[in-house]
2 protein chains.
Amino acid sequence: MDSQRSAPVGRPRSFDPDEALEKAMRVFWQNGYEGASLPDLTEAMGISRTSMYAVFGNKEELFRQALARYADGPASYGAEAVAEPTARGVATVFLHGAVRSATLPGYPTGCLSLRASLIGGEDGQGIRELLGAWRDETSAMLTNRLRRAVDEGDLPAETDSALLARYLMTIGNGVAVQAAGGAGRADLQVIVDAVLQSWPPVLSTDR
Amino acid sequence: MDSQRSAPVGRPRSFDPDEALEKAMRVFWQNGYEGASLPDLTEAMGISRTSMYAVFGNKEELFRQALARYADGPASYGAEAVAEPTARGVATVFLHGAVRSATLPGYPTGCLSLRASLIGGEDGQGIRELLGAWRDETSAMLTNRLRRAVDEGDLPAETDSALLARYLMTIGNGVAVQAAGGAGRADLQVIVDAVLQSWPPVLSTDR
DNA sequence: CCGATTCCGCACCGATCGATCCGAAACTGC
DNA sequence: GCAGTTTCGGATCGATCGGTGCGGAATCGG
């Protein structure tokens, strides 16, 4: 309804919140949640401490919005993957997206949520819950999509779709860690191609 | 030479350094390097702040020794793997070891070095170098072993042993992340078995 | 020009970090 | 018993953390 406030009088905002959020995302991506200090963030965003609190509330809320931007941007390959018409396409887009996202030129390597989640401390509990929820959401999205593939006959009837989703996320996580450790895009591309070569994997529970 | 000091007179040590190091390792494993505070560590070790500094020097040195204990204990599967007579055995022991180590009952889930490495901050630089060195050491160990397998005809002649080692570490890292996220041992076991089902993987650089 | 509004720089808060220092208690060999 | 040595709890240090409050500069509508 009211896209404009009641009385927008006074000094206008001198910076672009979207651009500031982009910078904040990169800092969190690079340093993790607790590793990114307020001076780090505000300096990168080009705004003062005061403005950050006025616009975003606090550090945790800033991270929430940065994560949302991350999920819609560099990490949108999950949503892209489930839109593929075949299960093989889902796996291909997902793993290729993981490689591309973890080795984006001009961005930190690896995965933002991974760098931010593997932290201790009691204050980071809300952050861990947030990241856990996002991870579970991705997992559920993949699981549902793969189950549909089973129903459609695109995957063997005995396929455990949840386990197969976990399989994909395991490879994706490994790719992210490797990228954070300095692995190049070409190497990781070859690795996920090798994984995709044996699709679908034989996830036999019995041994 | 002199296994005993010159004049061991005075109050004897009232705690077992080895046992204390074990406790410290668990705390680091659970909370990461920066996430483990001095009170956390000393309380778990059952010793005072003073004693910790007297015995280990500082927090970073304590972590070094805890990591060494980790590498010789729960994470010794890397060394065990390269002792296998076949490349398939190497991969099997490595991946099964990764699963077992990441889901040890009574221990934190996941991988100590992963939890400790993915942190920012400027003070953690020495820690990151230490963990990077250990990772590179493992990588080199696997690479050399796989190269030997190529020389012995145990793997195809055109195999890129370094890339194949990276392939194994990628899966292992993914397993560690999944375990840290709550994945159970049985699921991860099935996943790595599926990976091993297509051994050796087709790591074709050309597409 | 003027009041209103919003920005920013800066000082400040309590809490926690790793690290150090000190006095008292505990145990050794003589 | 007596010195010598080491342990321990606790106070303390400087630095940094996330978060807040304040005053001045800048920019709007009127």
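Predicted model: local features only at pLDDT ≥ 70, side-chain atom pairs only at ≥ 80, totals over all residues.
**Helices α1 and α2 in chain A**

In chain A, helix α1 spans residues 17-31 and helix α2 spans residues 38-45; their axes come within 8 Å and cross at roughly 140°. An angle of this value makes α1(A) oblique to α2(A). The crossing in which α1(A) passes α2(A) is right-handed. On the side of α1(A), the residues that meet α2(A) are Ala20(A), Lys23(A), Ala24(A), Val27(A) and Phe28(A). Their counterparts in α2(A) are Asp40(A), Leu41(A), Ala44(A) and Met45(A). Sorted by class, this contact of α1(A) with α2(A) has 7 nonpolar residues, no polar residues and 2 charged residues.

**Helices α1 and α2 in chain B**

In chain B, the axes of helix α1 (residues 17-31) and helix α2 (residues 38-45) come within 8 Å and cross at roughly 140°. The two helices α1(B) and α2(B) are therefore oblique to each other. Here α1(B) passes α2(B) in a crossing that is right-handed. From α1(B), the residues Ala20(B), Lys23(B), Ala24(B), Val27(B) and Phe28(B) make the contact, together with Asp40(B), Leu41(B), Ala44(B) and Met45(B) from α2(B). In the contact of α1(B) with α2(B) there are 7 nonpolar residues, 2 charged residues and no polar residues.

**Helices α2 and α3 in chain A**

Helix α2(A) also packs with helix α3 of chain A, which covers residues 49-56; the angle is about 90° and the axes are 9 Å apart. Such an angle makes α2(A) roughly perpendicular to α3(A). In this pairing, Leu38(A), Pro39(A), Thr42(A) and Met45(A) of α2(A) meet Arg49(A), Met52(A), Tyr53(A) and Phe56(A) of α3(A). The contact of α2(A) with α3(A) divides into 6 nonpolar residues, 1 polar residue and 1 charged residue.

**The contact between the chains**

How many residues does the contact take from chain A and from chain B? Chain A gives 40 residues and chain B gives 40 residues. Between them, the chains bury about 3300 Å², and 64% of this area lies on carbon and sulfur atoms.

**Salt bridges**

Over all chains, the count comes to 14 salt bridges. Between chain A and chain B the count is 2 salt bridges. Two individual salt bridges in the model are set out below.

| Side chains | N to O distance |
|---|---|
| Asp187(A) and Arg166(B) | 3.5 Å |
| Arg64(A) and Glu60(A) | 3.0 Å |

The salt bridge of Asp187(A) with Arg166(B) joins side chains of chain A and chain B. Arg64(A) and Glu60(A), by contrast, both belong to helix α4 (residues 59-72) of chain A. These two residues are 4 residues apart in α4, so about one helical turn separates them.

**Cis peptide bonds**

Most residues other than glycine have a negative phi, and most peptide bonds are trans. Which form does the peptide bond from Trp199(A) to Pro200(A) take, cis or trans? The bond is cis, and its omega is near -5°. Pro200(A) lies in the segment after α10 (185-197) of chain A. In chain B, the peptide bond from Trp199(B) to Pro200(B) is cis, with omega near -5°. The place of Pro200(B) is the segment that follows α10 (185-197) of chain B.

Technical notes: Residues numbered from 1 in each chain as written. Chains lettered and ligands numbered in written order. Heavy atoms only, no water. Axes fitted to C-alpha atoms, helices over the stretch in contact; angles between N-to-C directions. Parallel < 35°, antiparallel > 145°, perpendicular 65-115°, else oblique. Left-handed = near helix turned anticlockwise from the far one by under 90°. Contact = heavy atoms within 4.5 Å. Nonpolar A, V, L, I, M, F, W, Y, C, P; charged D, E, K, R; others polar. Buried area = accessible area lost by both parts, 1.4 Å probe. Salt bridge = Lys/Arg side-chain N within 4 Å of Asp/Glu carboxyl O.
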